[in-house]
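Biologist: Before we discuss this model, please set each term against its definition as you use it.

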Amino acid sequence: MGNENSNTHVANATGKPLRIYYHVEKMRLNELVVEGGAEIGGSVSDSGASLSGKISSNVKSVFKPDSRIRYIRLPANDYCKFSGEGELFVCVFVEDNHNEKACVHTISENFHIPSDRSFIVTANHNIKFQKYDAGPWIDDEGNDHRP
């Protein structure tokens with residue numbers, strides 16, 4: 001059961017846009033996206049022919065596009081409030097600056113946020129709980145993460 005008067009906020013101090021999936025239960029990353037590429041080059045000279053190449057791949061964990069898991073897109077150096085939730089599990093990803101549909105880095109998977117606690121995603125991609133009544137950028141230890 002969600003709490004319609006939730007006080008859970010998130011502040012993005014990473015300097016990059018984030019995508020934050022959230023749910024009241026642990027989530028499962030249920031699709032792997034594999035990106036691959038190939039580069040082949042060659043040359044011919046009096047001493048013979050040579051061929052060189054490179055193959056690369058990248059595996060990313062993402063949610064299926066038709067997933068019913070809710071998410072928010074949080075611009076760099078901004079903060080927002082989650083609506084209608086109590087305790088949450090969050091998966092935090094850094095979005096690609098050039099392709100908002102792609103994520104380039106995983107910060108957390110199923111990080112537990114207790115009911116009515118807020119958190120900060122810091123510049124070095126850590127997650128810190130916000131200090132009560134200190135504003136969105138101050139963590140429990142009193143450190144200011146304001147960009």
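Modeller: Strand β9 (residues 119–121) and β10 run antiparallel and are joined by three bridges. The model is predicted, with pLDDT of at least 70 needed for local features and 80 or more for side-chain atom pairs, while totals for chains, interfaces and linings use all residues. Residues are numbered from 1 along each chain as its sequence is written, and side-chain values use heavy atoms, without hydrogens and water.

Biologist: Why are β9 and β10 called paired?

Modeller: Strands are DSSP runs of E of at least two residues, numbered from the N terminus, and two of them pair if DSSP finds at least two bridges between them; three bridges join β9 to β10, so they pair. The bridge partner of V121 is I127 in β10.

Biologist: What makes a set of residues a nonpolar core?

Modeller: Its members are buried (under 20% relative accessible area, 1.4 Å probe, protein chains only) Ala, Val, Leu, Ile, Met, Phe, Trp, Tyr and Cys residues, joined through side-chain atoms within 4.5 Å. The largest such core has 16 residues, of which V10, I20, F82, V90, V92 and F119 touch the most other members. β7 (88–95) gives the most to this core, with four residues. A second, separate core of seven residues includes Y21, M27, F89 and C91.

Technical notes
Buried < 20%, exposed > 50% of the residue type's maximum accessible area, 1.4 Å probe, protein only.
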